[in-house]
Structures are given as structure tokens and as C-alpha cells.
Amino acid sequence: MDLAINPFSSGTRLRDMIRSIRACKTAAEERAVVRRECAAIRAAISEGDQDYRHRNMAKLMFIHMLGYPTHFGQMECLKLIAAAGFPEKRIGYLGLMLLLDERQEVLMLVTNSLKQDLNHSNQFIVGLALCALGNICSAEMARDLAPEVERLLQNRDPNTKKKAALCSIRIVRKVPDLAENFMGAAVSLLKEKHHGVLISTVQLCTELCKASTEALEYLRKNCLEGLVRILRDVSNSSYAPEYDVAGITDPFLHIRVLKLMRTLGQGDADCSEFINDILAQVATKTESNKNAGNAILYECVETIMGIEATSGLRVLAINILGRFLSNRDNNIRYVALNMLMKAIAVDTQAVQRHRATILECVKDADVSIRKRALELVYLLVNDTNVKPLTKELVDYLEVSDQDFKEDLTAKICSIVEKFSQDKLWYLDQMFRVLSLAGNYVKDDVWHALIVLMSNASELQGYSVRSLFKALLACGEQESLVRVAVWCIGEYGEMLVNNISMLDIEEPITVTESDAVDAVEVALKRYSADVTTRAMCLVSLLKLSSRFPPTSERIKEIVAQNRGNTVLELQQRSIEFSSIIQRHQSIKSSLLERMPALDEANYLVKRATSTQATVSSVKSTPTVTSGGQPKLPNGVAKPPPAPLADLLDLSSDDTPVTTSAPTTAPNDFLQDLLGIGLTDSSPSGGAPSTSTDILMDLLSIGSTTPVQNGPSTSNFIPPGIETKPVAVTPQVVDLLDGLSSSTPLPDENAAHPTITAFQSATLKITFSFKKQPGKPQETTINATFTNLATTTFTDFVFQAAVPKFIQLRLDPASSSTLPASGNGSVTQSLTVTNNQHGQKPLAMRIRMSYKVNGEDRLEQGQISNFPAGL
């Protein structure tokens with residue numbers, strides 16, 4: 001009677017409940033149906049209803065998959081498991097795997113039932129118990145039930161053996177110490193004929209190798225012959241319908257065996273020699289016209305590259321990857337490019353043979369393949385092939401997609417800078433890149449180009465003529481315009497008079513008016529870009545000295561910016577007009593050609609800035625809010641080389657600016673362009689006694705020692721990073737290349753080394769170093785020592801500081817801490833205390849690492865910093 005009245009009673013069939021839920025039109029209706037059904041199931045549980053217990057558990061599993069809470073049914077799983085019949089046990093174990101996990105305390109109650117079922121005479125019930133144990137086994141259950149699972153590995157039934165092997169994998173992962181119990185059984189199972197047993201056993205052997213070095217050595221001695229026999233049998237076997245995939249016998253077994261061979265052969269010459277022949281056989285006999293065959297070939301190549309293979313075998317593997325590059329499938333080409341990037345470190349010459357195919361991939365329609373191929377080409381470049389490769393890339397730059405131009409431009413510029421030994425070739429390539437993709441050239445690249453031109457006196461005439469022609473043809477490229485107007489301003493007379501002509505050049509006819517026209521067009525075209533307009537005004541000012549007949553016209557052009565809303569341009573216009581009109585006597589000396597810049601000093605500054613930026617971007621951002629850092633420090637990657645890590649594939653995309661003005665890479669060029677002078681005088685400083693404000697601005701014409709810094713200031717356009725100009729009584733360091741001889745007080749007082757953190761397994765010590773002239777900044781060198789007897793891997797150190805402190809973490813020296821104090825890991829931290837002298841340093845730290853694959857976490861607070869930091 002109740003069943004007829006209430007369609008949601010415990011007797012409702014599962015399919016009826018599913019149909020009712022799917023018929024709901026709103027989430028509220030669905031929740032109401034589920035709520036009523038859960039209430040009926042609770043009532044049935046309270047009444048001890050045994051007739052519908054398995055049906056109620058099936059409903060609970062469906063409700064659980066919909067995301068509703070079903071914890072009230074956990075004990076019903078245990079009751080069903082304890083039942084005698086197979087149908088009840090099947091539902092019970094399925095519910096156990098779905099509704100519970102290894103963290104549930106209820107799971108302890110099922111251990112005895114599992115032990116009984118593992119010893120059951122019915123192989124299907126044994127299989128249920130093995131499946132459940134393999135899915136939710138905890139460390140305690142693994143220790144209790146490992147003997148039963150080990151015994152089942154010798155069972156006669158192949159399905160039981162297969163499930164026992166899979167269950168053993170879970171046990172070894174949870175308790176690596178139990179690995180030795182399964183080594184002998186795993187080797188004996190490799191003699192089986194059933195492919196399911198073989199795949200499970202090979203996976204078990206792989207897990208044993210990861211869990212224990214003793215197991216790795218044991219398997220190297222005892223299972224290699226079996227693996228070679230398995231691989232030979234499946235490679236040479238005839239057609240077998242139950243294992244056939246696209247005409248290839250069991251590619252899954254192929255791949256598992258090849259992976260295990262890679263693990264065994266890595267770093268072991270004897271094992272590698274033993275498997276060389278079978279790898280060559282698989283590589284040559286496997287067909288590549290099917291996806292299954294390509295998967296086997298790829299795994300074979302990866303194995304060859306991962307072991308101590310012979311050079312001939314490696315060449316064979318790289319040739320297979322070369323064939324992959326010609327495949328129509330984008331996925332196959334992509335994985336081939338990935339593998340070639342790894343192979344280039346092993347055999348560069350073999351990869352070089354496929355250079356033409358890789359270059360074609362740079363022009364592929366798929367953006368992922370283009371980017372990966374470009375990175376591979378970048379790694380292939382050397383002194384012998386740099387010119388043809390660069391020509392190919394620059395030619396493609398002209399027709400490449402706009403989205404790809406930025407990456408391509410960055411790589412070309414990096415290649416040209418790294419491998420150029422001929423300055424003329426360097427200039428030609430850079431001029432062409434500026435003409436084709438000047439809008440994508442980064443500031444530090446064209447800054448370096450200007451520095452080089454200022455030092456190459458024999459090529460200055462050639463440079464200004466080439467840039468003038470490029471400016472007329474490609475005036476829409478911003479970086480080209482900036483470099484060109486700078487060159488025209490500095491070397492305008494060489495342009496007009498064809499000075500320093502090279503043999504490869506043809507004379508061009510350029511009048512003084514033409515040179516002024518080119519700069520004027522650039523000034524009008526880039527009306528929104530303050531930096532470009534400022535450079536154009538400086539160039540016009542210099543041309544007024546180079547070409548006296550054009551002074552009046554230049555004065556009119558410059559005067560057009562007197563009312564500009566940008567204060568920087570307005571000030572330049574007024575000051576430059578004054579120089580042209582009223583200061584003819586000093587104009588020639590004031591506007592002399594810039595001296596050659598210190599190229600080595602600039603490159604060091606640029607590399608230092610790049611290194612600081614890369615380490616801050618790839619490790620941790622500056623922590624200023626007292627919270628946890630968002631990213632872990634880059635412990636897996638060593639710090640870049642001192643003069644820019646040119647092989648770092650991602651560093652080309654990293655901005656070369658930092659938040660600290662003292663490391664700005666643009667200072668050199670800002671001084672050169674006259675847009676980096678800042679007011680370094682304190683408020684209330686006495687003005688200079690010079691009669692001309694422009695002479696004060698440029699520090700010319702006055703011999704009076706400056707006591708309080710420059711008295712006037714130049715306004716800086718937005719977006720340009722600046723640095724105070726250091727002033728001594730004798731000289732203003734406009735090029736920021738000379739250090740002041742004024743002695744500084746010694747603020748590098750010695751601070752004692754402290755033990756910042758120590759537990760039973762880890763010790764951290766801090767040593768301190770102060771920078772002269774920066775009392776608020778401290779460099780901390782942290783040393784991490786492992787006190788445990790087990791090696792720590794994937795070690796990551798994180799730190800958080802209060803709001804008044806800024807913190808920067810550099811990459812750690814390693815991500816692996818050797819056991820028992822046999823070595824240590826170091827890492828540098830830079831802290832800036834913005835309330836130095838008022839508040840002491842304080843820091844919270846957190847260390848995460850893995851021990852035998854298990855994650856560990858330690859944290860603490862440091863409050864014993866020495867005074868004065």
C-alpha cells in the first residue's frame with residue numbers, strides 16, 4: 001500500500017529514481033527529489049531493511065555522483081561486504097570505493113572483511129576484494145594485507161594474478177619498505193603468456209624501481225632477459241585478434257616494456273648494451289603508417305635517448321623523429337619537435353641534418369608547432385650556420401602572422417647578438433629586423449644597437465645612410481624611427497656628405513633639408529609617443545648645429561611644441577628654441593657628437609638587470625603584504641649565467657625592467673638621449689650662480705663646486721624609468737659609467753650567523769651581508785641542511801614578511817637535499833626594511849619537500865634576527 005502511495009519509498013527501483021531526477025526542470029525540483037529519496041533510504045536503514053539494502057546502496061552511489069552528501073550510508077557498505085552472497089558484496093565493494101577514501105576512519109573496520117575475502121574460494125569475490133584494496137588501500141591496510149596479496153600473485157587464475165599485481169602497485173606506493181616482498185614474484189610473473197598479467201607485472205616492476213634502489217639493481221640482474229623475450233615475441237608474433245590494434249600486436253604492452261627498459265638502462269652501460277639489439281629491431285620493423293605504430297616508435301626513441309645507447313642507435317632514433325616531422329598529423333610533429341629539443345643535448349650533429357625540415361615547421365599553420373620549431377632552431381644555431389639560419393628567419397619575418405612576429409623577432413635579435421662577430425653583418429640584420437618588425441623590438445635591443453654604433457666609428461656613415469633609407473621606406477616601425485632619428489641627429493653631416501663610404505655602398509643624394517624633413521615627418525607621425533617625439537626634438541636641435549642654414553626652419557618646428565600639454569615636450573621646446581636663438585656662441589660645443597659609450601659597462605648592466613628580472617619572475621614575486629608568496633622559488637633551475645642565459649628559451653619573453661631604479665638598464669641610453677636627468681637636489685637647495693639656466697641644466701660653463709646637487713630639473717615623460725645623477729664637486733657623471741671617488745662611510749658591519757630554524761629533520765642557518773650606502777637593504781644567504789637519513793627531493797623554500805619589508809628570493813642552488821648532512825643547498829634573499837632603525841626584521845618561513853614520493857611540510861617563524869637589520 002505504501003509503495004503505491006509513495007513512489008520514492010525504499011522499494012523504488014534505481015531506474016525509476018534516475019528517471020524522476022532527469023525529469024526535473026529546475027535545480028530546486030532535483031534537490032526535492034533527492035531529499036525525499038534520501039529520507040526514505042535513512043528510514044530503511046533505521047528499520048534494518050535487508051531486502052532493499054543493495055538497492056538503497058545503488059541509489060546512494062548515484063546520488064553521490066550527483067554531488068549530494070551520502071555519508072549516512074557508509075556503514076551499509078560494510079554490512080553488504082560482510083554478507084555471504086556475491087551480488088551483495090559486489091554492490092558493497094563498489095559503494096566502498098565510491099563513498100569512502102583512505103582518510104576515513106570507518107575504513108579500519110573493513111580490513112578483516114577484506115582479509116577473509118582475499119582468502120575466499122570464489123575467484124570473483126577475491127577479485128572484488130583486490131579491486132577495492134587497490135583503490136582505497138591505506139598504509140596500515142597495506143601492511144596488514146600485503147602477505148595475502150603476495151600469495152595471490154602465485155594464483156592459477158590469470159585474472160586474479162593481474163588484479164593482485166595491480167593491487168601490489170598500490171601497496172608499494174603506500175609503503176615503499178614492502179617493495180622487497182614483491183621483487184621475486186614480479187620476476188617470475190614475467191614468464192606468463194597472458195598479456196593482461198604481463199602489462200600489470202611490467203607496471204609493478206616499474207613501480208618497484210621507483211620505490212627502492214635495491215629493487216632496481218635486483219631487476220636489472222634478473223628481469224632484462226624476460227623483457228627482451230616479451231618484446232621480441234610481441235614484435236614477431238602473427239595476427240592475434242584479441243590483442244590486435246590497427247595491425248600491431250598489443251601496442252600497450254610494447255610501450256610498457258619500453259618504459260621499463262628505459263628505467264633499467266638509464267645510467268647503466270651493461271643493461272643498455274644488452275637491450276640495444278632489441279631496440280634497433282623495434283625501431284626498424286615497426287610500421288609508421290598507423291598511430292599505434294607511431295606511439296611505439298616514439299616510446300622507442302625516448303628509451304634510446306634515455307639510456308647509454310650507441311651513437312648509431314641514437315642516429316637511427318633521430319632519423320625516426322625526422323620522419324615524424326613530415327607527418328601530416330600535428331600531434332606527431334609536435335611531440336617530434338619536443339623530443340628533438342631533448343636530443344640536441346645528446347647528438348647535435350644528427351639533429352642538424354634535419355635543419356631544413358625544422359625550418360619548414362617554423363612556417364607551419366599551427367601556432368604551437370611554429371613556436372616549438374622556433375625554439376628548436378634557436379638551439380641549433382652555431383657559429384657555422386648562423387648566417388643562413390638567420391637569413392631564413394628574417395625572410396620569414398616579412399610574411400609571418402602578426403601574432404607570431406613578437407616571438408620570432410625576439411629570437412632573431414637574440415641570435416644576432418649572441419653569434420655576431422662581424423659588426424657590419426650585425427648592423428645589416430638589425431636594420432632589416434627594425435624595418436620589418438620594429439614595433440616588436442624591445443627597448444634593450446635597440447639601446448644595445450645605439451651603443452654599438454657609437455663605438456663603430458668606421459660604420460657610422462654606413463649606419464646613418466642605411467637607417468635614412470629604411471626610415472623613408474618603413475616609417476611606421478617605432479623602434480626604427482627612434483634609432484634613425486638618433487643617428488641622423490648625431491651623424492647628419494655623414495649622411496649629407498657621403499662620408500665614410502664602404503665599397504658595397506652606392507652614393508646617395510641627400511640634402512640638409514631632406515634630413516630635416518625626415519625628422520619632422522617622424523615628429524608629426526608619432527604625436528602620441530612622448531619618447532619618440534622627445535628624441536626627434538633632440539635630433540632637430542643637433543641638426544641646427546650641423547646644418548646652420550636650416551636653423552630658422554628647425555626653430556619653427558621646435559617652437560610648435562611650446563604649448564604642448566605634455567610638460568616634458570613643452571619644456572624641451574622652450575629650452576631648445578632658446579639655445580637656437582640666443583646661445584649661438586656655445587651651441588657648437590653644447591651639441592657636439594656624443595662620445596663613444598662604454599660598451600662593456602652597458603652589457604654588464606644589461607645582463608645584471610636581465611638576471612635579476614628572470615630570477616624574480618621565475619621564482620617568487622616581491623612579498624610586501626605579509627601574506628604567503630603566490631609562487632614557489634625556482635629551486636629546480638640554476639641561476640642564469642652572468643652575461644644572460646641565451647639558451648633559456650623563455651627569457652627572451654621576459655621584460656628587461658625591474659622595480660628597483662638602481663638596476664634600470666635604460667640609464668645609459670637615457671643619459672645619451674637626454675631624457676633621464678632627474679632632480680637630485682634636496683628641497684631648499686641653493687640655486688647655481690650661473691647666469692644661464694641651460695648651462696646649469698647641462699652642467700657646462702660653471703666651475704663652481706656643486707654643494708647640493710643640480711639646481712634645476714628636467715621633467716621625465718611617462719613610462720621612462722629614471723635614476724638620480726650622481727654628482728661630485730668635480731664632474732657630473734652623465735653616462736653613469738664612472739664611479740665617484742668620494743669615500744662612503746662603512747655600513748657593512750659584521751652580523752653574526754644565526755640558526756633560523758631547526759627541527760628533527762631540517763636545519764636552516766642565515767648569514768648576513770650589508771651593501772655600502774644602503775643601510776635598509778640586507779642580503780641573507782640561507783643554508784639548508786638535511787638532518788634525516790633520507791634524501792629530500794623537490795625542496796621549496798617560501799617566506800613571508802610584514803608590510804613594511806620588501807623581500808626578493810633568488811633561485812636555490814638545488815632542489816635536492818642530500819641525506820645526513822652530506823651537502824647542503826643555498827639560497828639568497830634580499831630584504832629591504834623600509835622602517836630601518838624603527839622596527840626589526842621578522843619573517844615566517846615554510847619548507848615543502850618530498851621523502852620517498854610523500855609530500856612533507858614544515859613551517860616556523862624567525863624573530864632572532866641580529867639588531868641593526
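This is a predicted model: local features need pLDDT of at least 70, side-chain atom pairs count only at pLDDT 80 or more; totals for chains, interfaces and linings use all residues.
Guide: Helices (DSSP runs of H or I, at least four residues) and strands (runs of E, at least two) are numbered from the N terminus. Residues are numbered from 1 along each chain as its sequence is written, and side-chain values use heavy atoms, with hydrogens and water left out.

Visitor: Is Ala750 buried or exposed?

Guide: Buried means under 20% relative accessible area, exposed means over 50%, and partly exposed lies in between (1.4 Å probe, protein chains only). Ala750 is exposed because its relative accessible area is 76%. Look also for Ser767: Ala750 and Ser767 are 17 residues apart in sequence, and their C-alpha atoms are 9.8 Å apart in space.

Visitor: Which other residue pairs can I compare in sequence and in space?

Guide: Ala309 is buried, since its relative accessibility is 9%. Then go to Leu189 in helix α11. Leu189 and Val202 are 13 residues apart in sequence and 9.0 Å apart from C-alpha to C-alpha. With a relative accessibility of 2%, Leu189 counts as buried too.

Visitor: How do I read the way α10 and α11 cross?

Guide: Two packed helices are described by the angle between their axes and by the distance between the axes. The axes are lines fitted to C-alpha atoms over the stretch in contact, and angles run from 0 to 180 degrees between N-to-C directions. Here, helix α10 (residues 158–174) and helix α11 (residues 179–189) have axes that come within 11 Å and cross at roughly 150 degrees. So α10 and α11 are roughly antiparallel to each other (a term for angles over 145 degrees). Their crossing is left-handed, meaning that the near helix is turned anticlockwise from the far one by less than a right angle.

Visitor: How many salt bridges does the structure hold?

Guide: A salt bridge is a side-chain nitrogen of Lys or Arg within 4 Å of a carboxyl oxygen of Asp or Glu. The structure holds 35 of them. In one, Arg229 pairs with Asp233, and the closest N and O atoms are 3.8 Å apart. Both residues lie in helix α14 (residues 224–236), 4 residues apart, which is about one turn of the helix. Arg229 is partly exposed at 27% relative accessibility, and Asp233 is partly exposed at 38%.

Visitor: Which salt bridges link distant parts of the chain?

Guide: One of them joins Lys371 and Asp407, whose closest N and O atoms are 3.6 Å apart. Lys371 is in helix α22 (residues 367–380) and Asp407 in helix α24 (residues 402–419), so this pair, 36 residues apart, links distant parts of the chain. Lys371 is partly exposed at 38% relative accessibility, whereas Asp407 is buried at 17%.

Another salt bridge joins Arg432 and Glu398 (4.0 Å, N to O). This pair also links distant parts of the chain: Arg432 is in helix α25 (residues 423–437) and Glu398 in helix α23 (residues 386–399), 34 residues apart. Arg432 is partly exposed, with 32% relative accessibility. Arg432 and Glu398 belong to a network of salt bridges that also includes Lys391 and Asp395.

Visitor: Where does Ala246 lie, and what is its phi?

Guide: Ala246 is in the loop between β1 (244–245) and β2 (248–249). Its phi is near 55 degrees, a positive value in a residue other than glycine. Ala246 is partly exposed, at 43% relative accessible area. Now find Asp794 in strand β6 (residues 793–800). Asp794 is not a glycine, yet it has a positive phi of about 50 degrees. Its relative accessibility of 42% makes it partly exposed.

Conventions: Angles under 35 degrees count as roughly parallel, over 145 as roughly antiparallel, 65 to 115 as roughly perpendicular and the rest as oblique.
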